[in-house]
Amino acid sequence: MRRHRFFKRMPTGESLRQYRFLKPFAPYLDRHFLWQFNRKSVAGGLAVGLLFGILSPFAQILLAAIGAIALRVNLPVAAFATLATNPLTVPPLYYAAYRLGSFLTASDEDVRHLAGGGYAQNYYDQLGQALRSFPLFIEWALSFGLPLMLGLAIIATVSAILGYVAVSLLWQLSVRLRWHKRRRRQP
């Protein structure tokens, strides 16, 4: 009963078909698996949303919707899960992704320099030199590409897996608790 009240304001395939920009997706919006709220569908929707929300810097909801359609998981959950990345969470997420990626792609000399504690000074020296010349700045900014993308891919994959497992475990725990309560009520 409580679940029905909560989800009655969720968009349906019929209500979404009224929007002009969704016309190309109209044949897919009738698929019942996109709107089901069961353990696998919700957990899969969360995983798809987290994966595309973290991995893609733009068009996150569109990519999550396409992923939900392709993987046959819950579309609203996938779209909502992309909101895990927002203006407050992106800077620390990208910083952590860059640090993880640079650690994994570092050469032996870079790792020794990181361990020596001179990393921050070297970083600011490179930034200062790069800001003096636009071509050097572009080269400096592009040097973040591989470490950042590798770190984002790892963080997105791990968070999608953890999200899927967490929803599955919490769903099973909830079902077991409800069964346990039912058994106690019976005489």
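**A chat about valine 73 and its surroundings**

Visitor: What does valine 73 touch, leaving out residues up to four places away in sequence?

Guide: Valine 73 touches Phe33, Leu34, Ser41, Gly44, Gly45, Val48 and Ala68. Contact here means heavy atoms within 4.5 Å.

Visitor: What sort of model is this?

Guide: This is a predicted model: local features need pLDDT of at least 70, side-chain atom pairs count only at pLDDT 80 or more, and totals for chains, interfaces and linings use all residues. Residues are numbered from 1 along each chain as its sequence is written, and side-chain values use heavy atoms, with hydrogens and water left out.

Visitor: Where does valine 73 sit?

Guide: Valine 73 is in the loop between α4 and α5. Helices are DSSP runs of H or I with at least four residues, strands are runs of E with at least two, and both are numbered from the N terminus.

Visitor: Buried or exposed?

Guide: Valine 73 counts as buried because its relative accessible area is 8%. Buried means under 20%, exposed over 50%, and partly exposed in between, using a 1.4 Å probe and protein chains only.

Visitor: How far is valine 73 from alanine 43?

Guide: Their C-alpha atoms are separated by 8.1 Å. Along the chain, the two are 30 residues apart.

Visitor: Which residues of α3 are buried?

Guide: Ser41, Val42, Ala43, Gly44, Gly45, Ala47, Val48, Gly49, Leu50, Gly53 and Ile54. The buried residues of α3 pack against α4, α5, α6 and α10.

Visitor: How many residues does α3 have?

Guide: Helix α3 has 17, residues 39-55. From first C-alpha to last it reaches 24 Å, close to the 24 Å expected. That expected span is 1.5 Å times one less than the number of residues.

Visitor: New topic. Which residues make up the largest nonpolar core?

Guide: There are 11: Leu29, Phe33, Leu34, Val48, Ala64, Ala65, Ala68, Ile69, Val73, Leu75 and Ala78. Such a core is a set of buried Ala, Val, Leu, Ile, Met, Phe, Trp, Tyr and Cys residues joined through side-chain atoms within 4.5 Å.

Visitor: Which helix gives the largest share of this core?

Guide: That is α4, with four residues. Apart from this core lies another, of eight residues, among them Ile54, Ala97, Leu148 and Leu152.

Visitor: And the whole protein: how many helices and strands?

Guide: The protein has 10 helices and zero strands. Buried residues make up 29% of its 187 residues. Of the contacts with a separation of 6 or more, 68% join residues 24 or more positions apart.
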